[in-house]
Amino acid sequence: MTPPSPSQALGGSLLAAAAVAAALVPSFAGDYVVGNLGFRMLEYAALAQAWNLLAGYGGLVALGSGAFIGIGMYGTAKLTLGAGFPLIPALLVGGALAALFALIVSPALFRLRGLYFVIATLVLAEALQIWMFNWNGLGGSDGLFMTNAAPSPSERYYLALAIVAATTLLLAIILRTRLGISLRAIRDNEDAAAQMGLWTFRTKLWAFMIMAFVMGVIGGLQADYLGKIEPGGAFSLQWTVDIVTIAIIGGMGTLWGPLVGSLFVIWLGERLANHPETHVAITGAILILVIRFAPYGIWGLLIRLKDEASGRRRRSRLA
Amino acid sequence: MDWPSGHALATALVTGLLLGGLFTVTALGLSLVFGVMRLINLVHGELLLVGAFFAFELGLHTGLDPLLSLVVIVPVVFLVAYPAERILLGPLIGKGAEAPLMTTFGLSIILVNLFVLVFSADTRSLQASYATDSIQLAGIDIPLIYAISFGFALALTAATHLFLQRTGYGREIRAAAEDAGAAEVLGVNVARAYGITYALGASFAAVGGVLVGLAFGFDPSSGTSWLLTGFAVVVLGGLGSLKGTLVGGLLLGVAESVGASFPQVGDGYRNFIGFMVFLVILAVRPRGLYGRTG
């Protein structure tokens, strides 16, 4: 089964239109919508998009997002605090640190296939969190305060939008290159891909490091927004829970899925803001239904609806 | 380097071994489901908590002793889990590993939040005299509940082994675990075998949850750490090996207790030690100690 997608030209212009629309939001919306709600939607869209590269296109389900986000958070905090870096270079270095961590753990992780890989990533993030709780080098369980003035709501909105746009564009480009083709070949059959002469390790590593980098950058941005970080939040399993639900509900293995998913899940959370537990429980139920009945998520459903509508039009024209 | 005293080391060794029995019980269901269905049951930690909350409520309303209440809890959990598996996971079998995995992920999210809604986020524990008593063994104080858990570990592992080897259902489950497609062709009801496996796994989880509630206490979010401990045990022992799960549990208990008894390490790193042992074993010997080859 191939993922649903609009024709390439249409897909490109649709994405551009969405980016323009998102860029116009701060010109009419209030500070809360821009600096909080919209900002969160964009952050999660970028995170889910990054996860989508590895899981949706590479078939590698990593449940340790908290590790990379947390490293980005602490990296950015340390750089802006101690070394006096401006925010954007600090974000980039934070992302690079997360990617470096991915590089270091990759020889061990990529020895593992399928279910073992899933478990190992989950445990890795959790082990890192426990380490950070106990080790006093970076503030221990108290965490770190950041003294930098956080950017204004519209500044951080545009930063997040830029990261989403760059990530989505990067994915779109990667999917057309040798790397993207190898990645999907590995997803479909790793042994066959290796037999065909593909460098499976190198392909997986690239995707893994790109994911880690984006997650690290978003982590840094979130740290700057919060102004205070501690291991419980930074390395939390909650990151993975949110990212995975957003990517799957939106549509894994499609470029639009993570974007649509973030819009929907964060919007739902806003509607049920006074009942957070109910919100998450409902999200879980939607997740189960989507997995069962809509393998390509909301985005897949939209495309199917559109195809059926245009199919009907064509048929009625013929009649 | 500071070494713990001989007595402290011996205490750590013995309590670690018995605590490992508790680890085994909490991991047994995970191991069974993993081994037979090739499914990482991400809701396993919450199934543990189902047992713990169930025992808590039964104790509150009827005054039933936590361990005695297992007589009620285990059949109820089994009878709910069997149809739940057939309805929620059954249709996804054969659609790749991700769909059922993510479904259990969704179930876990739902249960955690239902626990908070129904029971609040407070930490609770199950009350019984044997939860706090300790016994003397060769001059070493041992928490009685650890010793009880160790007994449960041996009994449940042995009972599961006999069930799988000696009964018709057990034979069907083993066949389904070996090669579901071939078993199906030969007339094995694989869907039913999976349902029974999952329901057994959930029941074992509930037993583990009651022991956890007695020994440590619990809250709606403590499922995750028990899930991770369960992974460590299952992977240490090896996929699809009951003996491995028993040995893996005991080994993990000893490693954590002995590691934490070093003065320069301390108790805060207890879980960290467990996870590091796990990650190293995974990297060096992905099939675990008793894993099947191939």
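Two residues are in contact if their C-beta atoms, placed from the backbone, lie within 7 Å. On that basis, 35 residues of chain B touch 34 residues of chain A, and residues 24 or more positions apart supply 77% of the contacts in chain B with a separation of 6 or more. The model is predicted: local features need pLDDT of at least 70, side-chain atom pairs count only at pLDDT 80 or more, and totals for chains, interfaces and linings use all residues. Residues are numbered from 1 along each chain as its sequence is written, while chains are lettered from A and ligands numbered from 1 in the order in which they are written.

**The two chains**

- Chain B contains twelve helices and two strands, where helices (H or I, at least four residues) and strands (E, at least two) are DSSP runs numbered from the N terminus.
- The order of elements in chain B, from the N terminus on, is α-α-α-α-α-β-β-α-α-α-α-α-α-α.
- The radius of gyration of chain B is 19 Å, close to the 19 Å that the globule rule gives for 294 residues, so chain B is as compact as a globular protein of that length; the radius is taken over C-alpha atoms, and the rule is 2.2 Å times the number of residues to the power 0.38.
- The C-alpha trace of chain B spans about 60 × 50 × 35 Å along its principal axes.
- Of the 294 residues in chain B, 54% are buried; a residue is buried if 20 or more other C-beta atoms lie within 10 Å of its own, exposed if 12 or fewer, and partly exposed in between, with C-beta atoms placed from the backbone.
- Chain A has 14 helices and two strands.
- For the 319 residues of chain A the globule rule gives 20 Å, and the radius of gyration is 20 Å, so chain A is likewise as compact as a globular protein of its length.
- The principal-axis spans of the C-alpha trace of chain A are about 75 × 55 × 35 Å, and 50% of its residues count as buried.
- In chain A, 78% of the contacts with a separation of 6 or more join residues 24 or more positions apart.

**The side of chain B that touches chain A**

- The elements that give two or more residues to this side are α4 (98-119), α10 (223-237) and α12 (270-284) of chain B.
- The largest share, 14 residues, comes from α4(B).
- By class, this side has 27 nonpolar, six polar and two charged residues; Ala, Val, Leu, Ile, Met, Phe, Trp, Tyr, Cys and Pro count as nonpolar, Asp, Glu, Lys and Arg as charged, and the others, Gly among them, as polar.

- α4(B) has 22 residues and reaches 31 Å between its end C-alpha atoms, close to the 32 Å expected at 1.5 Å a residue; the expected span is 1.5 Å times one less than the number of residues.
- In α4(B), 16 of the 22 residues are buried, and the helix is followed by B:Ser120, whose phi is positive, near 70 degrees.
- α10(B) reaches 21 Å over its 15 residues, close to the expected 21 Å.
- Of the 15 residues of α10(B), 13 are buried; just after this helix, B:Gly238 takes a positive phi of about 115 degrees.
- α12(B), also of 15 residues, should span 21 Å, and its end C-alpha atoms are 22 Å apart, which agrees.
- The buried residues of α12(B), including B:Phe275, B:Phe278 and B:Leu279, pack against α5 (114-134) of chain A together with α10 and α11 (242-261) of chain B.

**The nonpolar core**

- A nonpolar core is a set of buried Ala, Val, Leu, Ile, Met, Phe, Trp, Tyr and Cys residues joined through C-beta atoms within 7 Å.
- In the largest core, of 208 residues, A:Val123, A:Met211 and A:Ala212 touch the most other members.
- Helix α9 (residues 190-215) of chain B gives this core its largest share, 17 residues.
- Leaving aside neighbours within four places in sequence, A:Val123 is in contact with B:Leu228, B:Phe231, B:Phe275, B:Phe278 and B:Leu279.

- Strands β1 (residues 134-137) and β2 (residues 140-143) of chain B run antiparallel and are joined by four bridges; two strands pair if DSSP finds at least two bridges between them.
- B:Leu137 stands opposite B:Ile140 in β2(B), and B:Ala138, in the hairpin with two residues between its strands, takes a positive phi near 50 degrees.
- B:Val14 lies in helix α1 (residues 6-37) of chain B and, leaving aside neighbours within four places in sequence, is in contact with B:Leu137, B:Ile140 and B:Ile142.
- B:Val14 counts as partly exposed because it has 19 C-beta neighbours inside 10 Å.
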